[in-house]
Amino acid sequence: MEEKNVFPKFQQILKWWSAIRWFIVIVLFSIGMLHIHMMKTYIIVIFIVMFLGTIFLNLFFRIQIASQNRFFCIFQIILDTIFATVIVHITGGMESPFVWSFLIAVITASLTIEKTGGILAGLIGSFSLMALMLLYNFHTLEPLNQNIQYDVSTMTIFLLSYTGLFAGVAFISNVISDLVKNVIKRGLSISQENGTLVEKINIIEKDCYKLKNEKKELDELVTISESISHLDHDINTPLCVISLSLTRIKQAAAEFRNENLAKSSNEISAAINDISLLLRRLIPLKQNEFIKNKINEG
C-alpha cells in the first residue's frame, strides 16, 4: 500500500472484510468437496493447494492489516483468482453459479491496493475466465459436465458480461475505499486542527489571565501616579508660605545686619529652588494623556 500505516477506522473495515473472506472461502471449499468425486487427481491437488494457500494468506492478511506488504497483497489476489477459477471449473464452468467468487480478489484488491487495484484484479479475473474458456474450446481441459457445448459467441457473451461485472464492482469498491480514506483523513485533520486550536485557546487564556493581573497592577500604579501628580499643588501652597517667611527673614537680616540670619535665608532660598526643580520633574507625569484622562474621570 502507499500508506504504511492504515488508519484505525479503516483497519476495522479490513478486519470485517477478513472475516467475510474466511466465511466465503470455507463455503467455497465445502462446495468443492461436494464435487470432489467428479474431479481428476491433479485438479484435486490444485484445489487443495489453492485452498491451503488462501487460508495462509487469510491468516497473513489478518496479521498484516496494520501494515500491508504490497508483494503479499498481489500474491494473495493472484491466489484468490486461481482458487476462484478452480471453483468455477469444478462447479460447471460457464454454467457455474459461483463465477462471482472472482469478486473476492476484486474487493480485496480495492481495499488493499490504492486507485487501480480493483480494476487490475478484475482484469486478471477476466483473463482467467478467458483462459478457462480457451482450454475448454481447444479440449485441453474438459468441463466436468460433458453435455455443455462451448461456442465462440456464447463464450464472448459470457466473458463480456462478467468483465463488465468485475469492472463495475472494482470501480465502485475503489471509489468507496478512496472516499472512506479521504473522510478518515479529513476527520483526523479536523481532529488535529481542533487539538491545535485547544492548545492556542489555552495559551490565550493564560495570556488573558496574565494581562488581567498586569491590568490590576497597572490600575494600582495609575492610582499612585494620580496621587503623585497632585503632589506639586500640595507642596506649592506651603512653599509659598515659606517663600513669604524667607522674605521677612531677609528683611530682618538686612535690618539688624545679622549674618546668621542672612546665611540661613540663603540656605532656605537654595532649598526652595531645589524643591522647585524636583516639582518640575512631576510635570511630564501630569501631562501624560492616560493620567490626565484618569484624573478627568475622577
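1. A contact here means that heavy atoms lie within 4.5 Å of each other. On that basis, among contacts in the chain between residues at least 6 apart in sequence, 76% join residues at least 24 apart. The structure under review is a predicted model.

2. As to secondary structure, the chain contains ten helices and zero strands. Followed along the sequence, the pattern reads α-α-α-α-α-α-α-α-α-α.

3. On burial and surface, the chain has 298 residues, of which 33% are buried.

4. The residues that form the patch are Ile119, Leu120, Leu123, Phe127, Met130, Leu134, Phe138, Phe171, Ile172, Val175, Ile176 and Leu179. Together, these residues have about 1100 Å² of accessible area. Two or more residues of the patch are given by each of the elements α5 (117–137) and α6 (152–229). Helix α5 supplies the largest share, with six residues.

5. Is Methionine 130 buried, partly exposed or exposed? The relative accessible area of Methionine 130 is 34%. Buried means under 20% and exposed means over 50%, with partly exposed in between; Methionine 130 is therefore partly exposed.

Technical notes
Residues are numbered from 1 along each chain as its sequence is written. This is a predicted model: local features need pLDDT of at least 70, side-chain atom pairs count only at pLDDT 80 or more; totals for chains, interfaces and linings use all residues. Side-chain values use heavy atoms; hydrogens and water are left out. Patches are made of residues with over 30% relative accessible area and no salt bridge: like charges are joined within 9 Å, nonpolar side chains (Val, Leu, Ile, Met, Phe, Trp, Tyr) within 5 Å. Accessible areas come from the Shrake-Rupley method with a 1.4 Å probe; for residues, only the protein chains shown count as cover. A salt bridge is a side-chain nitrogen of Lys or Arg within 4 Å of a carboxyl oxygen of Asp or Glu. Helices (H or I, at least four residues) and strands (E, at least two) are DSSP runs, numbered from the N terminus. Buried means under 20% relative accessible area, exposed over 50%, partly exposed in between (1.4 Å probe, protein chains only).
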